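Me: I have a new model open and want to learn how to read it. Where do I start?

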Amino acid sequence: MAAQNPSDYIAHHLTNLTVKVGEGGFWTLNIDTIIMSWVLGLVGMGLIWMVAKGATAEVPGRLQSFIEMFFEFVDGTVRDVFPGSRAFLGPLALTIFVWVFMMNLMDLIPIDWVATVSHGLGAPAWKAVPSTDLNTTFAMSFSVFFLIIFFSFKAKGAGGFMHELFTAPFGSNPLLWLPNLALNIIELLAKPISLGMRLFGNMYAGELIFMLLGLLGTIASLSVGGLIAGGASVVLTWAWAVFHILIILLQAFIFMVLSVVYVAMAHEHH
Amino acid sequence: MNINATLLVQALSFAFLIWFSVKFIWPPLNRAIDERNKRIADGLAAAEKGKASLVEAERKGETAMKEARERASGVLGESEKRAMQIVEEAKSAAKEEADRIIAGAREQIASEVAKAKTELREQVAALAVAGAEKILQREVDAKAHTEMLGKLKAQL
């Protein structure tokens with residue numbers, strides 16, 4: 001690994017393990033993304049499920065208290081944004097936060113450890129952080145997009161939603177129908193794209209900085225410059241990882257809140 | 001970095017996780033927390049009620065105590081008054097009795113004196129007659145001098 005040139009090192013860490021499932025470039029599966037996200041989703045949601053299954057109104061244990069605290073946090077966040085029933089929006093927010101957080105958390109595993117293990121297991125490439133894959137973030141953000149459309153229809157009816165598409169925000173003059181529609185489409189599409197790109201961009205950039213700092217580590221040697229490079233690599237990686245703890249939480253929270261806000265906005269009448 | 005079929009798989013995974021969360025995670029947690037909240041609220045309400053009833057009981061106890069104290073002091077005053085009255089009555093009865101006894105004694109004394117006076121008069125009359133007999137050396141006809149003797153008795 002240390003013998004690689006810098007661009008190979010970076011490129012290698014940015015490559016997914018893929019399997020072709022059909023003709024054409026689209027029919028490819030990023031196996032690492034899928035497996036990692038499944039495992040993380042199962043661990044995260046499974047843990048909460050285990051607690052939820054045995055949850056009683058008796059005095060809760062430590063784990064149950066923690067899960068309930070988290071539950072109250074999500075519930076409160078949704079309640080602040082959306083006044084209606086939280087029977088769907090609540091679990092949606094919970095799922096988003098847990099899944100995104102678990103996927104982001106993988107960013108804190110040193111990239112070279114991942115590479116070493118995956119090479120040891122014979123995989124040519126392995127990206128450990130599913131949220132640095134646009135497929136994951138867009139899958140989630142466009143799912144939210146469809147929920148926005150669904151709840152717009154549900155809350156306003158087909159006629160109401162169409163009426164809103166053509167008459168808001170400028171007015172109901174027929175001359176303004178097209179500008180209204182165009183603006184609404186842009187606004188609707190901007191939501192999932194920004195949502196998915198934000199998470200992807202933050203995690204991808206964070207990962208890239210870990211790679212660059214790791215690259216700095218590869219030129220460490222017993223010379224003066226080499227020692228400085230090695231030391232800087234260790235210290236800066238540590239500092240960036242500490243800062244990253246904040247980012248992964250924050251990004252999970254932002255994704256959750258924005259999703260809830262978008263779906264809640266779909267319920268509002270203009 | 002390119003969009004491919006992974007997107008579809010991830011969307012399905014996401015949908016599955018949401019469904020799982022809606023179905024199996026949210027309801028039991030929500031139920032447990034709601035129920036505990038209700039229990040805590042009930043407990044707090046019960047505690048509040050207990051506190052209120054304690055205050056009420058204390059108030060009642062206080063009132064009962066005050067009443068008892070008032071009644072006791074009333075009884076005490078009443079009995080003092082009664083005792084005084086009894087003493088007064090006894091005093092006046094004793095005084096009456098004493099007066100009666102004194103009056104009786106006086107009456108008796110007066111009658112004794114009168115009796116003694118009468119007796120004395122008789123004796124004086126007899127003595128006078130006897131004295132006169134001695135002086136005259138002869139018998140005085142009591143009958144003849146009855147009038148004079150009667151006058152003498154009345155003068156004594």
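Reply: Start with confidence, since this is a predicted model. In chain A, helix H1 (residues 6-13) has the lowest confidence, at a mean of 79. H4(A) has the highest, at 94.

Me: How should I use such scores?

Reply: Where pLDDT is low, the predicted coordinates should not be read in detail. Here chain A averages a pLDDT of 88, and 98% of its residues score at least 70. For chain B the mean pLDDT is 89, with 95% of the residues at 70 or more. The complex as a whole gets an ipTM of 0.88 and a pTM of 0.74 from the predictor.

Me: What helices and strands does chain A have, and in what order?

Reply: Chain A has eight helices and two strands. Read from the N terminus, the order is α-β-β-α-α-α-α-α-α-α. The C-alpha atoms fill a box of roughly 75 × 60 × 40 Å along the principal axes.

Me: How many helices and strands does chain B have?

Reply: Chain B has two helices and zero strands. Its C-alpha trace spans about 195 × 20 × 20 Å along the principal axes.

Me: What does the radius of gyration say about chain B?

Reply: Compare it with a compact globule. One of 156 residues would have a radius near 15 Å. Chain B has 61 Å.

Me: Which residues have the most contacts inside the largest nonpolar core?

Reply: First, the general idea. In soluble globular proteins, nonpolar side chains tend to be buried together. In this model the largest nonpolar core has 59 residues. Those with the most contacts inside it are Ala93(A), Ile96(A), Phe97(A) and Val100(A). Helices from both chains give two or more residues to this core, among them H7 (177-218) and H8 (224-266) of chain A and H1 (6-136) of chain B. H4(A) gives the most, with 11 residues.

Me: What does Phe97(A) touch?

Reply: Leave out residues up to four places away in sequence. Phe97(A) then touches Val74(A), Ala252(A), Phe253(A) and Met256(A).

Me: Which separations account for the contacts in chain A?

Reply: Take the contacts with a separation of 6 or more. Residues 24 or more positions apart account for 67% of them.

Me: How many residues does each chain bring to the contact between them?

Reply: Chain B brings 28 residues and chain A brings 38. On the chain B side, 19 are nonpolar, six polar and three charged.

Conventions. Residues numbered from 1 in each chain as written. Chains lettered and ligands numbered in written order. Predicted model: local features only at pLDDT ≥ 70, side-chain atom pairs only at ≥ 80, totals over all residues. Contact = placed C-beta atoms within 7 Å. Nonpolar A, V, L, I, M, F, W, Y, C, P; charged D, E, K, R; others polar. Helix = DSSP H or I, 4+ residues; strand = E, 2+ residues; numbered from the N terminus. Rg over C-alpha atoms; globule rule 2.2 N^0.38 Å. pLDDT = per-residue confidence, 0-100. Core = buried A, V, L, I, M, F, W, Y, C linked by C-beta atoms within 7 Å. Buried ≥ 20, exposed ≤ 12 C-beta atoms within 10 Å, placed from the backbone.
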